[in-house]
Amino acid sequence: MFFRYFAPLLVSIFLLFPSQNLYSQTLEEKIGQMLMVSLTSLETSKDTLLIDIQTRNIGGVLFFQNTLQNPTQIANLMSELQDAATVGLFLATDQEGGNVARLNANNGYSTTTSAEFAGSVLESVPTTRSQAATMAGWLADAGINVNLAPVVDVNVNPNSPAIGRLNRSYSDNPAVVAEHAIAFMDEHSSRNIITSTKHFPGHGSALADS
(Lines give C-alpha, C1' and ligand atoms only; values in the text may rest on other atoms or scores of the structure.)
Protein backbone atom coordinates (compact mmCIF):
# COMPACT_ATOMS: atom_id res chain seq x y z
CA MET A 1 0.00 0.00 0.00
CA PHE A 2 2.82 2.41 0.88
CA PHE A 3 4.60 1.94 -2.44
CA ARG A 4 1.37 2.15 -4.43
CA TYR A 5 0.69 5.72 -3.34
CA PHE A 6 4.00 7.12 -2.14
CA ALA A 7 6.29 5.78 -4.87
CA PRO A 8 4.55 7.95 -7.55
CA LEU A 9 4.94 10.93 -5.21
CA LEU A 10 8.67 10.28 -4.84
CA VAL A 11 9.02 9.87 -8.60
CA SER A 12 7.16 13.14 -9.16
CA ILE A 13 9.47 14.95 -6.75
CA PHE A 14 12.51 13.48 -8.50
CA LEU A 15 11.19 14.68 -11.86
CA LEU A 16 10.73 18.17 -10.43
CA PHE A 17 14.19 18.25 -8.85
CA PRO A 18 16.39 16.00 -11.03
CA SER A 19 19.73 17.55 -10.16
CA GLN A 20 19.02 19.46 -6.97
CA ASN A 21 21.17 18.58 -3.98
CA LEU A 22 19.36 19.79 -0.87
CA TYR A 23 22.56 19.46 1.13
CA SER A 24 24.18 22.15 -1.01
CA GLN A 25 21.48 24.72 -0.26
CA THR A 26 21.93 27.47 2.28
CA LEU A 27 19.61 27.65 5.27
CA GLU A 28 17.75 30.52 3.62
CA GLU A 29 17.28 28.51 0.44
CA LYS A 30 15.96 25.53 2.40
CA ILE A 31 13.48 27.78 4.22
CA GLY A 32 12.34 29.17 0.87
CA GLN A 33 11.69 25.64 -0.38
CA MET A 34 9.32 25.06 2.55
CA LEU A 35 7.05 27.93 1.52
CA MET A 36 4.07 27.76 -0.80
CA VAL A 37 2.68 31.21 -1.48
CA SER A 38 -0.44 32.40 -3.28
CA LEU A 39 -0.57 34.58 -6.38
CA THR A 40 -3.29 37.02 -5.38
CA SER A 41 -3.36 39.23 -8.46
CA LEU A 42 -1.93 39.06 -11.97
CA GLU A 43 -1.81 42.85 -12.11
CA THR A 44 -0.16 43.70 -8.80
CA SER A 45 1.52 40.56 -7.46
CA LYS A 46 3.13 38.64 -10.32
CA ASP A 47 6.30 40.73 -10.52
CA THR A 48 6.83 40.39 -6.78
CA LEU A 49 6.24 36.64 -7.02
CA LEU A 50 8.84 36.31 -9.79
CA ILE A 51 11.38 38.15 -7.63
CA ASP A 52 10.59 35.88 -4.69
CA ILE A 53 11.03 32.79 -6.86
CA GLN A 54 14.34 34.03 -8.26
CA THR A 55 15.90 35.42 -5.09
CA ARG A 56 14.23 33.55 -2.23
CA ASN A 57 13.97 30.03 -3.68
CA ILE A 58 10.21 29.81 -3.04
CA GLY A 59 9.06 26.17 -3.20
CA GLY A 60 5.57 26.50 -4.59
CA VAL A 61 2.65 28.66 -5.66
CA LEU A 62 -1.08 28.22 -5.00
CA PHE A 63 -3.61 29.48 -7.52
CA PHE A 64 -7.24 30.48 -7.06
CA GLN A 65 -9.91 31.31 -9.63
CA ASN A 66 -8.99 34.97 -10.08
CA THR A 67 -5.54 34.20 -11.53
CA LEU A 68 -6.66 31.37 -13.83
CA GLN A 69 -8.29 33.00 -16.85
CA ASN A 70 -8.20 30.50 -19.73
CA PRO A 71 -6.20 27.42 -20.80
CA THR A 72 -3.62 29.34 -22.83
CA GLN A 73 -3.04 31.98 -20.16
CA ILE A 74 -2.75 29.34 -17.45
CA ALA A 75 -0.20 27.27 -19.37
CA ASN A 76 1.84 30.37 -20.21
CA LEU A 77 1.78 31.51 -16.58
CA MET A 78 2.93 28.13 -15.25
CA SER A 79 5.73 28.02 -17.82
CA GLU A 80 6.85 31.55 -16.95
CA LEU A 81 7.04 30.74 -13.25
CA GLN A 82 8.88 27.46 -13.78
CA ASP A 83 11.38 29.21 -16.06
CA ALA A 84 12.11 31.71 -13.28
CA ALA A 85 12.87 28.99 -10.73
CA THR A 86 16.22 27.37 -10.03
CA VAL A 87 14.42 24.42 -8.41
CA GLY A 88 11.21 23.07 -9.96
CA LEU A 89 8.12 24.61 -8.40
CA PHE A 90 5.12 22.91 -6.89
CA LEU A 91 2.23 24.62 -8.74
CA ALA A 92 -1.02 23.89 -6.94
CA THR A 93 -4.74 24.47 -7.08
CA ASP A 94 -7.95 22.99 -5.67
CA GLN A 95 -9.62 20.89 -8.36
CA GLU A 96 -12.03 18.64 -6.45
CA GLY A 97 -14.94 18.91 -8.87
CA GLY A 98 -18.31 20.47 -8.17
CA ASN A 99 -18.34 23.57 -5.97
CA VAL A 100 -14.56 23.58 -5.50
CA ALA A 101 -13.07 23.52 -8.99
CA ARG A 102 -10.71 26.29 -10.04
CA LEU A 103 -10.82 25.03 -13.64
CA ASN A 104 -14.43 25.27 -14.75
CA ALA A 105 -16.82 26.62 -17.37
CA ASN A 106 -15.91 30.20 -16.42
CA ASN A 107 -12.32 29.88 -17.62
CA GLY A 108 -12.61 27.62 -20.62
CA TYR A 109 -13.04 24.16 -19.14
CA SER A 110 -16.19 22.15 -18.37
CA THR A 111 -18.53 21.99 -15.41
CA THR A 112 -17.70 19.07 -13.13
CA THR A 113 -19.83 17.11 -10.68
CA SER A 114 -19.43 17.06 -6.91
CA ALA A 115 -17.97 14.25 -4.85
CA GLU A 116 -21.37 13.76 -3.22
CA PHE A 117 -23.07 13.31 -6.57
CA ALA A 118 -20.62 10.62 -7.68
CA GLY A 119 -20.34 8.87 -4.33
CA SER A 120 -23.80 9.13 -2.79
CA VAL A 121 -26.23 9.84 -5.63
CA LEU A 122 -24.76 7.79 -8.49
CA GLU A 123 -22.75 5.55 -6.14
CA SER A 124 -20.34 5.19 -9.02
CA VAL A 125 -16.58 4.84 -8.60
CA PRO A 126 -16.20 4.75 -12.43
CA THR A 127 -17.77 8.23 -12.54
CA THR A 128 -15.24 9.50 -10.01
CA ARG A 129 -12.41 7.84 -11.92
CA SER A 130 -13.54 9.23 -15.29
CA GLN A 131 -13.90 12.77 -14.00
CA ALA A 132 -10.58 12.57 -12.14
CA ALA A 133 -8.87 11.46 -15.35
CA THR A 134 -10.36 14.43 -17.19
CA MET A 135 -9.33 16.92 -14.53
CA ALA A 136 -5.85 15.43 -14.20
CA GLY A 137 -5.48 15.86 -17.95
CA TRP A 138 -6.44 19.52 -17.68
CA LEU A 139 -3.92 20.07 -14.90
CA ALA A 140 -1.13 18.27 -16.72
CA ASP A 141 -1.73 20.23 -19.92
CA ALA A 142 -1.72 23.47 -17.92
CA GLY A 143 1.52 22.67 -16.11
CA ILE A 144 -0.13 22.45 -12.68
CA ASN A 145 1.52 19.57 -10.83
CA VAL A 146 -0.27 19.53 -7.43
CA ASN A 147 -4.00 19.06 -6.88
CA LEU A 148 -5.13 19.85 -3.35
CA ALA A 149 -7.70 17.07 -3.47
CA PRO A 150 -9.45 14.68 -2.95
CA VAL A 151 -11.62 15.43 0.05
CA VAL A 152 -11.64 12.41 2.37
CA ASP A 153 -13.91 13.93 5.01
CA VAL A 154 -16.81 11.66 5.95
CA ASN A 155 -20.21 13.30 5.61
CA VAL A 156 -21.18 12.89 9.27
CA ASN A 157 -22.95 16.24 9.43
CA PRO A 158 -24.70 17.08 6.13
CA ASN A 159 -25.11 20.66 7.37
CA SER A 160 -21.40 21.20 7.90
CA PRO A 161 -20.84 24.58 6.19
CA ALA A 162 -17.42 23.63 4.83
CA ILE A 163 -18.19 20.10 3.58
CA GLY A 164 -21.72 18.69 3.70
CA ARG A 165 -23.48 21.86 2.64
CA LEU A 166 -21.12 22.20 -0.33
CA ASN A 167 -21.48 18.53 -1.40
CA ARG A 168 -17.73 17.94 -1.03
CA SER A 169 -17.83 14.52 0.68
CA TYR A 170 -18.25 11.27 -1.23
CA SER A 171 -20.28 9.57 1.49
CA ASP A 172 -21.14 9.13 5.15
CA ASN A 173 -19.48 5.70 4.85
CA PRO A 174 -15.68 5.79 5.34
CA ALA A 175 -15.16 2.74 3.11
CA VAL A 176 -16.99 4.42 0.23
CA VAL A 177 -14.98 7.60 0.74
CA ALA A 178 -11.75 5.61 0.62
CA GLU A 179 -12.75 3.76 -2.56
CA HIS A 180 -13.56 6.97 -4.43
CA ALA A 181 -10.50 8.79 -3.11
CA ILE A 182 -8.20 5.99 -4.25
CA ALA A 183 -9.69 6.10 -7.76
CA PHE A 184 -9.20 9.88 -7.80
CA MET A 185 -5.57 9.60 -6.69
CA ASP A 186 -4.80 6.79 -9.13
CA GLU A 187 -5.86 8.87 -12.11
CA HIS A 188 -3.77 11.84 -11.01
CA SER A 189 -0.77 9.66 -10.26
CA SER A 190 -0.89 8.30 -13.80
CA ARG A 191 -0.40 11.89 -15.05
CA ASN A 192 2.35 12.68 -12.50
CA ILE A 193 0.03 15.01 -10.60
CA ILE A 194 0.63 15.00 -6.85
CA THR A 195 -2.56 14.82 -4.77
CA SER A 196 -3.18 15.94 -1.20
CA THR A 197 -5.96 14.32 0.79
CA LYS A 198 -7.83 16.69 3.07
CA HIS A 199 -8.93 17.76 5.66
CA PHE A 200 -7.16 16.92 8.88
CA PRO A 201 -8.77 17.09 11.36
CA GLY A 202 -11.91 16.14 9.44
CA HIS A 203 -14.47 18.79 8.57
CA GLY A 204 -17.19 16.25 8.00
CA SER A 205 -18.70 16.58 11.47
CA ALA A 206 -17.78 20.22 12.07
CA LEU A 207 -20.44 22.72 13.07
CA ALA A 208 -18.47 25.62 11.60
CA ASP A 209 -15.78 26.28 9.01
CA SER A 210 -12.55 26.36 11.01
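Predicted model: local features only at pLDDT ≥ 70, side-chain atom pairs only at ≥ 80, totals over all residues.
Let me begin with H3 itself, which runs over residues 46-56 and in which Leu49, Leu50, Asp52 and Ile53 are buried. These residues cover an arc of only 160 degrees around the axis, and therefore they sit on the same side of H3. On the face turned away from that buried side we find the exposed residues Asp47 and Thr55. As for what the buried residues of H3 pack against, the partners are strand S1 (36-38), strand S2 (60-63) and helix H4 (71-84).

Just after H3 comes asparagine 57, which takes a positive phi of about 60 degrees. The C-alpha atom of asparagine 57 is separated by 9.8 Å from that of glutamine 25, although the two residues are 32 residues apart along the chain. Glutamine 25 belongs to the loop between helix H1 (2-16) and helix H2 (27-33), and it counts as buried because its relative accessibility is 8%.

Turning now to the largest nonpolar core, which has 31 residues, the members that touch the most others are Ile53, Val61, Phe63, Ile74, Met78 and Leu81. At least two residues of this core come from each of H3, S2, H4, helix H6 (125-142) and helix H7 (174-189). If we take methionine 78 and leave aside its neighbours within four places in sequence, its contacts are Phe63, Leu68, Leu91, Ala142, Gly143 and Ile144.

How values were computed
Residues numbered from 1 in each chain as written. Heavy atoms only, no water. Buried < 20%, exposed > 50% of the residue type's maximum accessible area, 1.4 Å probe, protein only. Helix = DSSP H or I, 4+ residues; strand = E, 2+ residues; numbered from the N terminus. Arc of directions from axis to C-beta. Contact = heavy atoms within 4.5 Å. Core = buried A, V, L, I, M, F, W, Y, C linked by side-chain atoms within 4.5 Å.
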